[in-house]
Amino acid sequence: MNEDRDGARAMGTNLSTQAYNAVSEMIRRRRLRGGEVIVEARLAEVLDISRTPLREALQRLEGEGLVIKGAGRSFVVRHVDLGEYLQSLKVREILEPEAASLAVGRIPRDQLIEVRKEIADLRTATPYHTDAHWRSDDDLHGLFIDHCGNEVLAQIIRNLRVTTRLFEISRLADRLEPDSTEHLAILEALVDKDAKAARKTVQVHIRSLARFALNTVR
């Protein structure tokens, strides 16, 4: 009897995790957009799961700031406007250079090589693919976030990146070349184990993102 309960509990946990991963990806890839109401019955049907593990997943996403409670009991994909985006970037401009500086000498060389190859492939890919762009961005920033040696700092930055990812950047393809060039400069600093250069190149990159957003809106 206990084994049956444990098995059912484990299955429910697995379904909840699957739902969490799927919905998280849908939000990050803009298949669910900021301000959109999540219709649980429809989404459960799309994911081929019951509403119970889906609701557990949505509650987890609420805790991470990807969704919020809307009218009634409905969840809504969190909307980030330009003001919040720029303010979040400003905090990232303070914290991420520090993380990059701390990560110098800590990142395995094979990971640096892999991310460099990913950027090269992205620049030459035809046609341009938004998902690949976001994945490359995550992997580059993850190098120094994951290896900065300060989990509190790393988690704060991850949360800020959730906020900035939710901002609807139009003409994202126009960021491909600037992002690639700036990311490669960060990589060079990390490969050379130059903490000062790592700090500077990350700062330059984040300021570039802010300028691009302002110019796009104007």
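## Secondary structure

The protein chain has nine helices and three strands. This is a predicted model. Along the sequence, the elements run α-β-α-α-β-β-α-α-α-α-α-α.

## Overall dimensions and surface

The C-alpha atoms of the protein chain occupy a box of roughly 60 × 45 × 35 Å along the principal axes. The accessible surface is about 11800 Å². Carbon and sulfur atoms account for 52% of that surface.

The protein chain carries 34 positive and 34 negative charges. Their mean positions lie 4 Å apart.

## Burial and contacts

Of the 218 residues in the protein chain, 43% are buried. Among contacts with a separation of 6 or more, 76% join residues 24 or more positions apart.

## The nonpolar core

In soluble globular proteins, nonpolar side chains tend to be buried together. Here the largest nonpolar core holds 51 residues. Val23, Ile27, Leu54, Phe144, Leu187 and Leu190 touch the most other members. Helix H9 (residues 195–217) is the top contributor, giving six residues.

Leaving aside residues up to four places away in sequence, Leu54 touches Ala19, Val23, Glu40, Leu43, Ala44, Leu47 and Ile49.

## Helix H6

Helix H6 covers residues 130–146, 17 residues in total. At 1.5 Å a residue, H6 should span 24 Å, and its end C-alpha atoms are 23 Å apart, so the two values agree.

The buried residues of H6 are Asp131, His133, Trp134, Ser136, Asp137, Leu140, His141, Gly142, Leu143, Phe144 and Ile145.

Methods: Residues numbered from 1 in each chain as written. Predicted model: local features only at pLDDT ≥ 70, side-chain atom pairs only at ≥ 80, totals over all residues. Heavy atoms only, no water. Core = buried A, V, L, I, M, F, W, Y, C linked by side-chain atoms within 4.5 Å. Buried < 20%, exposed > 50% of the residue type's maximum accessible area, 1.4 Å probe, protein only. Helix = DSSP H or I, 4+ residues; strand = E, 2+ residues; numbered from the N terminus. Contact = heavy atoms within 4.5 Å. Expected span 1.5 Å × (residues − 1). Areas by Shrake-Rupley, 256 points an atom, 1.4 Å probe, with all protein chains shown as cover. Lys, Arg positive; Asp, Glu negative; His and termini not counted. Charge placed at Lys NZ, Arg CZ, Asp CG, Glu CD.
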